Structure formats: C-alpha cells, structure tokens
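User: I would like to learn how to read pockets and surface patches in a protein model. Could we go through them step by step?

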Amino acid sequence: MDAFKFRCLKPNFESERSNDDNFPTATSLEQGCVEDSVGQMYTAFKNRLELDSDLLDELVLDRKMHVAFLKKGLIHLSQSYECLDASRPWLCYWILHSLDLLDEPLTDGDISEISNFLANCQCPDGGFGGGPGQVAHLAPTYAAVNALCILGTEEAYKVINRDKLYSYLLRMRTLEGAFKMHDGGEVDIRGAYCAASVARLTNIMTPALFDGTPEWIVMCQTYEGGFGGCPGMEAHGGYSFCGLAALILLEHAKLCNIQALQRWTVNKQMSYEGGFQGRSNKLVDGCYSFWQGGAFPLIHMVLAMEVDKALSAERWLFNQEALQEYILICCQAPGGGLLDKPGKTRDFYHTCYCLSGLSVAQHFAGGKIGDTFVVGHQKNLLKPTHPVFNIGVDASVHATLYFSALPVPGTSQ
C-alpha cells in the first residue's frame, strides 16, 4: 500500500500550515499552538509507519474502547457530569447514536430502561425537559425524540405524547414563525430546527405550525454565507447546519443562497489539521466534523433539486480523507471516546459528533449505492447517518413509517 495515500504523509504537507505574514496576533499564535499539537500526532503516526510499514492498514477506529466508554456512560456517570444534569436526554442521545453508528446492539432490558427514563423526562404539558421534573425545552425535546427513534421499539415510540408535543411546539412558536427554546427563553435558529426535526419525525407537522418559519430562517443567513443564531449574528457551523436542515425539512431550501453557503462551508475545513472550524478565524474542533461536514450532503441535496443544473459528483465537496485522518489520528482518546483536539478531554458530545462526521466522510449517497471512502482499516466503516436528523438511516426510516400511519394532531387525517 502507498504510504502517500495519507495526506499527512505527503512531502509538502508542512506547507499547509497557516501563515500570519509576520504579523502575529493572539489568534494566530493560538492557531500555531494547535497546529503544533496536531503536527505531533501526525509525526508520531509517520514514525510508527517508518518502523513498520504493515501498520498502513492499522490506522484503526478503536471500536472496543469506544464502546466500553459509551456503555459505561449508560450505567454510571462520574461526578464531573453533574454540570449536565439539565442535559440528560442529550447524554442518552449522544451515547445511543454513537453506539448505533458503531453497530453495537443494546439488550431489550437496556432499551426498556432508557425508554422509561425518557418517559420520566416528558412534561405534563408536552415536550421534554433536561431531566425528570425539569421544564420543557426544545433542545432536550429534540434529543429525547431522536433517542427514542434510535431505540426503535413500539414501547419507545409510544413514550412520545404527540398531541401534547404539538401543543408545546405551538406555544414555543413566535408570531414571526421563529421558536423560543423554552417558556420565556431565547429565540434562535436551533429552535426552528429542533421543532422541524421532531415534527417531521413524529408526523405532527402542519402549515400553521411553521407559517413564516422559512422566511425567518433565511433572515439569519449572513454576508459570509453561513447562518447565525438569529438575524444579525455571526455565521456559525452549528447554526448553519440547523438553518439549512430546517429549510430542507420545511421544503423551502431554495429560499437561501446555497452558493454562498457552500463557499463559506468549504472554507471552514482547515488546510493543515484536516478537521473543521466552527467560525471564521477559530480553531479546529472535532464536533464540527458533523456540524460542518454534515452540511455537505444537505448542500448536495439542494443543488441536485435545481432542475436547471446537472449535478455530477463522485464525492462530497470537501476533503473526506483529510477529515477522517484528523478524527482517527488526532481525536481518539487512548481509553476510549473521542475529543475536540489533542490536549482536550474526551466526552460523549465530541464522541457523538466526531463519529457522525466520520460516517458522513465515509459514505457518499450521491453516487452508486454503497459508495464508501474509508481511510485506514476497512473495519473503520461506520453505519450511515441520516444527514438531516443525525440518527441512523434505518432508525429514521422505521420511525417515519411508524408515525406516518398515525393521524396528524389537529387535523382530520
């Protein structure tokens, strides 16, 4: 096998480092420190190959260690997770989605226990809180619905009170079509995406619920091309994903400037590191492997819908191999779990979104069925994730089939 198939081993690789034109700033100095730490990881990988060229096939995703880390989190969390007490459905979702991508099954007992826990997070007036007894919030509502769809049993599906969920979403809706995150809470583009995602998955979407929402979302697109959290805010990878995904769910993606979004997003992949940054002039972060990388299948989807354009592509419009190298070489914690960047600690959030981005980079749905791009060992291949919901494709299909057979609340369907 040719060692130079790895981007980080090519002779001109070091020339990809950032250039401050001899005008150092705090930002450029911090960027240089990150590149140094990433460079040490790539150099260590190169040195291992020089000692044993057979290791070319042994750039591996340490599934066993990652699964152990994730399953331990389902059973017991250390005191350091106390700060996430209002994010417990998120912890369920991050862990369950990661295990699903790794094709690691759960026992019937685990599925039932998690379903019962999430049922206890559901609020009497609809929606889910960050834990039992907590107020309803759109973010953990999205996480809980996703988690229950990943579990994929009738018991899990029946946890969701669709009528009350619909009423809750109506209460969160503002007059202009935006969504509050909770009663009295902030209004931003996350709310529109969370509302559209759970409404589509559970078949409670109505014209009245999202009247004006696409137009409000488009107001969040900035001069840079990405989306901010609300009109006038800076373009951001997470908000951009939410904006585009919500427009696709609402079937109004053509309202945004897709070419400007594409230009902004491709420029967020770091030349040296191979991973993505979340905003202009910021550092690489493993979580944007999905928040930015996951936007490319959506952009491809929108471009393919433009009948006046013949879209011919064999891959996503980013360097899929470079992203995989960054995740596999720089983001795997030795004891399991994935992380932001070298020097950071592992957590379930980064594990979920690093694996989600890795899955996107491995699968190209725009070509022949089964087209994959796998860096390192073939055993690194993950299950595909649905780029709009970020749950497994199978889970999204099964949930959609189940809920589409049920009537839409407030209609005669």
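Analyst: Gladly, and please keep in mind that this is a predicted model.

User: What is the volume of the largest pocket, and which residues are closest to its centre?

Analyst: A pocket is described by its space and by the residues that line it. Here the largest pocket holds about 530 Å³ of space, and among its 19 lining residues the closest to the centre are Gly73, Leu74, Ile75, His76 and Leu77. Helix H2 (63–75), helix H3 (88–101) and helix H4 (108–121) each give at least two residues to this lining, which is made up of eleven nonpolar, two polar and six charged residues.

User: How do the residues of the lining of the second largest pocket divide?

Analyst: That lining has 16 nonpolar residues, six polar and one charged. The second largest pocket has a volume of about 450 Å³, and of the 23 residues that line it, Trp90, Ala139, Arg190, Trp291 and Tyr349 lie nearest its centre. Several helices supply at least two lining residues each, including H3, helix H5 (138–151) and helix H15 (348–362).

User: Which residues form a nonpolar patch on the surface?

Analyst: Val393, Val397 and Leu401 form such a patch, and together they have about 240 Å² of accessible area.

User: Why is Val393 called partly exposed?

Analyst: The term covers residues between 20% and 50% relative accessible area. Val393, which is found in helix H16 (residues 393–404), has a relative accessible area of 32%, so Val393 counts as partly exposed.

Notes:
Residues are numbered from 1 along each chain as its sequence is written. This is a predicted model: local features need pLDDT of at least 70, side-chain atom pairs count only at pLDDT 80 or more; totals for chains, interfaces and linings use all residues. Side-chain values use heavy atoms; hydrogens and water are left out. On a 1 Å grid over the protein atoms alone, a cavity is a set of points where a 1.4 Å probe fits but cannot get out, and a pocket is an open set with protein on both sides within 12 Å along at least five of seven lines; lining residues have an atom within 4 Å of a point. Grid points are joined across faces, edges and corners, and a volume is the space filled by probe spheres set on the points. Helices (H or I, at least four residues) and strands (E, at least two) are DSSP runs, numbered from the N terminus. Ala, Val, Leu, Ile, Met, Phe, Trp, Tyr, Cys and Pro count as nonpolar, Asp, Glu, Lys and Arg as charged, and the others, Gly among them, as polar. Patches are made of residues with over 30% relative accessible area and no salt bridge: like charges are joined within 9 Å, nonpolar side chains (Val, Leu, Ile, Met, Phe, Trp, Tyr) within 5 Å. Accessible areas come from the Shrake-Rupley method with a 1.4 Å probe; for residues, only the protein chains shown count as cover. A salt bridge is a side-chain nitrogen of Lys or Arg within 4 Å of a carboxyl oxygen of Asp or Glu. Buried means under 20% relative accessible area, exposed over 50%, partly exposed in between (1.4 Å probe, protein chains only).
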